[in-house]
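Let us walk through this structure together. We begin with a sheet and end in a loop.

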Amino acid sequence: MRISRIPRRAVAAGAVLAVLLPLSACGDGDGGGSTDASGKIEGKITFQTWNLKANFKPYFEGLVDEFEKKYPGTEVNWVDQPGEGYADKISADAAAGTLPDVVNVSPDLVAPLAKAGIALDLDKAAGKYEKEYLPGAWKSHQIPGTEGTYAFPWYLNTGPLFYNKRLFKDAGLDESKPPKTYEELFDQALQLSKKSDGKIATLANVPTIEDFGRYGVPLMNEEGTGFSFNDAKGVELLTEYKKLYDAKALDGQALTATPESTGKKFLTEAVAMNPGSALDLEKFKKEAPKLYKNIGITPQISSTGKDNMYVMGVMVNARTKQTPAAVAFAHFVTDAEHQMEFAKQVAIFPSTEGSLDDPYFTKQDGKEETRVRVAAAKSIKTAVNYTPVLFSEQMKVELRNSVAKALQGKESPKEALDNAVKNCDRLLKQS
């Protein structure tokens, strides 16, 4: 997938795939390939990535050459698709029975493929490799209500929070002890707003499904047939955000905030906390030296003790004619050695066990990029992907609209979340 500060899900991917995938149930018309990956590793396979060729062509060409030398008799055809329309491309190929043997996916893209029987169950075909990956990463491509794991975990990302030490200190708070949990966040945010007479907000974003997850709210039932973030704990979270909004501890423009607008708020010291990256640190250093001198870095707010993880994966087409080669190559791409090599070329993190203990992710060297990388790597070891793989972009809009109604007082938090769950469940049944 396109590399960015934090990888995001393909827009409306679930909706697009849901329309086309029923056509792919028959695959290429002859029953597809074998789920047995224990045979000889040979033959020609196609590997598809997601908008990576422009910046990482030498890396992937070298990867392919290395695999072909390790396994004589194999041939890997590497193709790369643009970020725009990637979900549509996968849909069309799945419907036509021409989906490549090995495919770069995100959890939301693999979910409908798994349900249609197109994604190979790695628990059955390659379960011996599970121990090589972080538990949370391996689970990220599991589908509620469906047995199995449908993609090898590939690269991960997460984002630490920046906070303004001066603003915390001016409010009488200990700038060396920023909030770690939501309970601490709510208390400190209200104090900061009160001390500044409502001029300084702590946050500039409304709660998302990830916030509900990090607060400890159960997001779906175990069967994957309905959402549950409207339970008592979910209502409690939204009620607390309503208090922040009323006290101006949540920025007044949070309902229409974008990453760009929240970044500007933090840059001008109108907001005390905001997610960021090494690129932001460099920007602060050049454009806001006063802010830069007071920058603190802390993990994401979480009451579960685990941060949110964004994850990419590598899926094997269940209908490939070269199952041993396809599984071997998918594992080769995502093994510890090659993930580490890739991580040193771009700001991502390996999903393999032990990789995050490498000095590259633990030792400071005075560079701003390293400062952020070390902070993020520390939190990602135990992070989980809170966003349900079945939670589509349409559902995100439903939740955001309901949250806005609650914050504005148009509906109670309970009413707002009940309506959000009702609408999301309706969309889920349609998918």
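Two strands count as paired if DSSP finds at least two bridges between them. Strands (E, at least two residues) and helices (H or I, at least four) are DSSP runs, numbered from the N terminus. This is a predicted model: local features need pLDDT of at least 70, side-chain atom pairs count only at pLDDT 80 or more, and totals for chains, interfaces and linings use all residues. Residues are numbered from 1 along each chain as its sequence is written, and side-chain values use heavy atoms, without hydrogens and water.

Start with strand 4 and strand 8 (residues 310-316). They run antiparallel, and four bridges join them. N157 has Y310 of strand 8 as its bridge partner.

Now widen the view. The two belong to an open sheet of five strands, in the order 2-1-3-8-4, with mixed pairing. Strand 2 (74-81) and strand 4 (152-157) stand at the edges; each has a single partner strand, so one side of each lacks a neighbour in the sheet. On average, neighbouring strands are turned by 20° against each other, direction ignored. Axes here are lines fitted to C-alpha atoms, for helices over the stretch in contact; angles run from 0 to 180 degrees between N-to-C directions.

Helix 14 (residues 323-334) packs on this sheet. It touches strands 1 (43-50), 2, 3 (102-105), 4 and 8. Contact means heavy atoms within 4.5 Å. The direction of helix 14 makes about 20° with that of strand 4.

Finally, find K180, in the loop between helix 7 (165-170) and helix 8 (182-195). Leaving aside neighbours within four places in sequence, K180 contacts T298, P299, Q300, I301 and S302. K180 and S302 are 122 residues apart in sequence, yet 6.4 Å apart in space, C-alpha to C-alpha.
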